[in-house]
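Here is a short briefing for a reader who is new to this structure. Take a look at the model, then follow the points below.

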Amino acid sequence: MIKMGDGLVRFIKGIVAFVLTFCMLAATVVCAAVVSEDTTTAALVSEAEVGAELEAPTIGAQVETPSLSAEIDGPAVSAFAPEIAVVGASEYSPRLTAPKKSNKYYYSNKNIFYKTGWGMPNCTCYAYGRAYEILGAEPNLCIYSAYLWYDYNKHNGIYAYGQKPKLGAIACWVYKDGVSGHVAVVEKITKDTIYYSNSAWGGSEFYVDTSPIDDPSGGWDKWVFQGFIYIGDYNAPKEEEQQGDVYRITSDNGVNMRKGAGTSYSIVSAIPCGASVTVTKTKKAGGYTWGYTSYMGISGWFVTDFAELVYSTEKEDSTIPEKDEHTNIMGDADFDGKLTVLDATLFQRILAELEVPTQYQLALADVDGNSVFNIMDTMKIRRILADLE
């Protein structure tokens with residue numbers, strides 16, 4: 001019995017030793033597999049990184065791709081940075097002139113308002129198209145009435161929003177009746193003024209107006225200002241670059257940028273469709289008008305015939321009429337140096353829209369000094385002439 005017990009013990013010990021040995025071998029295999037898998041993964045990541053570097057387009061590739069005939073057809077946009085790269089540019093190009101009828105962002109089925117019969121003049125169609133133009137991609141904005149835009153964006157958490165004006169922001173108002181509103185786009189901000197681009201339902205196709213930067217009503221005191229929708233973050237053009245005219249490339253294929261003004265000069269880069277550039281000087285050559293600009297850190301000449309002027313630094317005619325010997329008199333609509341019944345008649349014709357007033361006539365029209373030009377001003381002139389005042 002003792003010998004049989006000893007044998008059983010030895011048998012059990014042998015089994016335990018076998019199991020322990022097997023577990024140790026299994027653990028070694030698992031560890032080796034883990035190490036092998038980590039090494040393989042690291043190798044794959046390394047290859048992916050190297051591949052990305054090898055496949056990333058270089059400036060050299062961009063320079064060499066355009067064809068010599070690209071002044072007319074332009075280089076294929078796919079050969080360069082995609083359109084979204086234009087969107088990411090931090091410099092903002094203001095729109096202070098009306099878009100052309102050929103502009104696809106406003107006058108094509110790319111614009112949901114145009115497509116559904118609610119095209120310009122219409123503030124929502126314009127603001128939607130302008131946002132599309134700025135982003136270079138379809139904006140995720142409300143496609144209903146203007147007074148719904150701000151709350152729609154806020155409740156759906158689409159874009160950032162707030163009360164501070166920013167370039168490219170959509171300004172939103174609601175009328176006091178709560179069932180109508182207006183939207184506009186912030187194009188320029190100075191120390192004390194905000195410039196908006198607009199369109200008006202049943203009114204102007206395009207116009208630019210301003211408001212004091214600290215005006216809580218946003219310049220529309222008959223409306224309730226809701227706030228701004230920030231579709232992106234943009235910087236104002238650099239001070240030195242503001243001295244030139246801003247052009248936006250309209251050719252679907254973009255345009256070449258050359259070392260000199262002419263097709264005989266070598267291509268140094270290209271500008272894709274939708275990009276905005278500042279032209280500091282122009283030159284006529286080979287039947288084209290060439291503009292000198294910088295894009296993505298490269299300077300050169302491109303054909304401005306395939307771009308639209310969106311902002312000009314040319315000053316408006318600010319010539320002031322020569323001063324007469326007499327002093328201007330409030331109500332003197334014909335500037336003859338005296339107040340007569342003809343002045344009252346002329347202002348009545350202006351109020352009836354039978355005459356178009358000049359800025360100087362309007363400056364002298366507020367005879368009663370209440371900051372509003374209306375029929376009461378003409379009545380005051382007549383009362384003055386009748387010695388009743």
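Which residues lie nearest the centre of the second largest pocket? They are Asn-122, Cys-123, Thr-124, Ser-145 and Ala-146. The model is predicted. Its protein chain has 389 residues, and 37% of them count as buried. The secondary structure comes to nine helices and 14 strands.

**The second largest pocket**

- The volume of the second largest pocket is about 360 Å³.
- Its lining is made up of 19 residues.
- Sorted by class, the lining holds twelve nonpolar and seven polar residues. It holds no charged residues.

**A cis peptide bond**

- The peptide bond that runs from Met-120 to Pro-121 is cis. Its omega is near 5 degrees.
- Pro-121 sits in the loop that links α4 and α5.

**The six-stranded sheet**

- Six strands make an open sheet, and their order is β1-β6-β2-β3-β4-β5. The pairing is antiparallel.
- At the edges are β1 (160–162) and β5 (207–212). Each of these pairs on one side only.
- From one strand to the next, the twist averages 35 degrees.
- Helix α5 (residues 123–135) packs on this sheet. Helix α5 touches β2 (170–175), β3 and β4. The direction of α5 makes about 40 degrees with that of β3.
- Helix α6 (residues 149–156) also packs on the sheet, where it touches β1, β2, β3 and β6 (223–230). The direction of α6 makes about 45 degrees with that of β6.

**Pairing inside that sheet**

- Strand β3 (residues 181–189) pairs with strand β4 (residues 193–198) over four bridges, in the antiparallel sense. Here Val-186 stands opposite Tyr-196 in β4.
- β1 and β6 are joined by three bridges and are antiparallel. In this pair, Gly-162 faces Phe-228 in β6.
- β2 and β6 are joined by six bridges, again in the antiparallel sense. In this pair, Tyr-175 faces Trp-223 in β6.
- Seven of the eight residues of β6 are buried, so β6 is largely enclosed by the rest of the structure.

**The three-stranded sheet**

- A further open sheet has three strands in the order β10-β7-β14, with antiparallel pairing.
- β10 (276–279) and β14 are at its edges with a single partner strand each, so one side of each has no neighbour in the sheet.
- Neighbouring strands here are turned by 40 degrees against each other on average, direction ignored.
- Strand β7 (residues 245–249) runs antiparallel to β10, and four bridges join them. Arg-248 is opposite Ser-276 in β10.

**Tyr-311 and its contacts**

- Tyr-311 belongs to strand β14 (residues 307–311).
- Which residues does Tyr-311 contact, leaving aside its neighbours within four places in sequence? They are Pro-94, Leu-96, Lys-188, Asp-245 and Val-246.
- Tyr-311 and Ser-93 are 218 residues apart in sequence. In space, their C-alpha atoms are 8.1 Å apart.
- For the protein chain, take the contacts between residues at least 6 apart in sequence. Of these, 57% join residues at least 24 apart.

- Strand β8 (residues 255–258) points Val-255 and Met-257 one way. Asn-256 and Arg-258 point the other way. All of these residues are buried.
- β8 and strand β9 (residues 267–271) run antiparallel and are joined by four bridges.
- Arg-258 stands opposite Ile-267 in β9.

**After the helix α9**

- Ala-386 is found in the segment after α9 (375–385).
- Is Ala-386 buried or partly exposed? Ala-386 is partly exposed, because its relative accessible area is 45%.
- Ala-386 and Val-341 are 45 residues apart in sequence. From C-alpha to C-alpha, they are 10.0 Å apart in space.

Key. Residues are numbered from 1 along each chain as its sequence is written. This is a predicted model: local features need pLDDT of at least 70, side-chain atom pairs count only at pLDDT 80 or more; totals for chains, interfaces and linings use all residues. Side-chain values use heavy atoms; hydrogens and water are left out. Two strands pair if DSSP finds at least two bridges between them. Helices (H or I, at least four residues) and strands (E, at least two) are DSSP runs, numbered from the N terminus. Axes are lines fitted to C-alpha atoms, for helices over the stretch in contact, and angles run from 0 to 180 degrees between N-to-C directions. Contact means heavy atoms within 4.5 Å. On a 1 Å grid over the protein atoms alone, a cavity is a set of points where a 1.4 Å probe fits but cannot get out, and a pocket is an open set with protein on both sides within 12 Å along at least five of seven lines; lining residues have an atom within 4 Å of a point. Grid points are joined across faces, edges and corners, and a volume is the space filled by probe spheres set on the points. Ala, Val, Leu, Ile, Met, Phe, Trp, Tyr, Cys and Pro count as nonpolar, Asp, Glu, Lys and Arg as charged, and the others, Gly among them, as polar. Buried means under 20% relative accessible area, exposed over 50%, partly exposed in between (1.4 Å probe, protein chains only).
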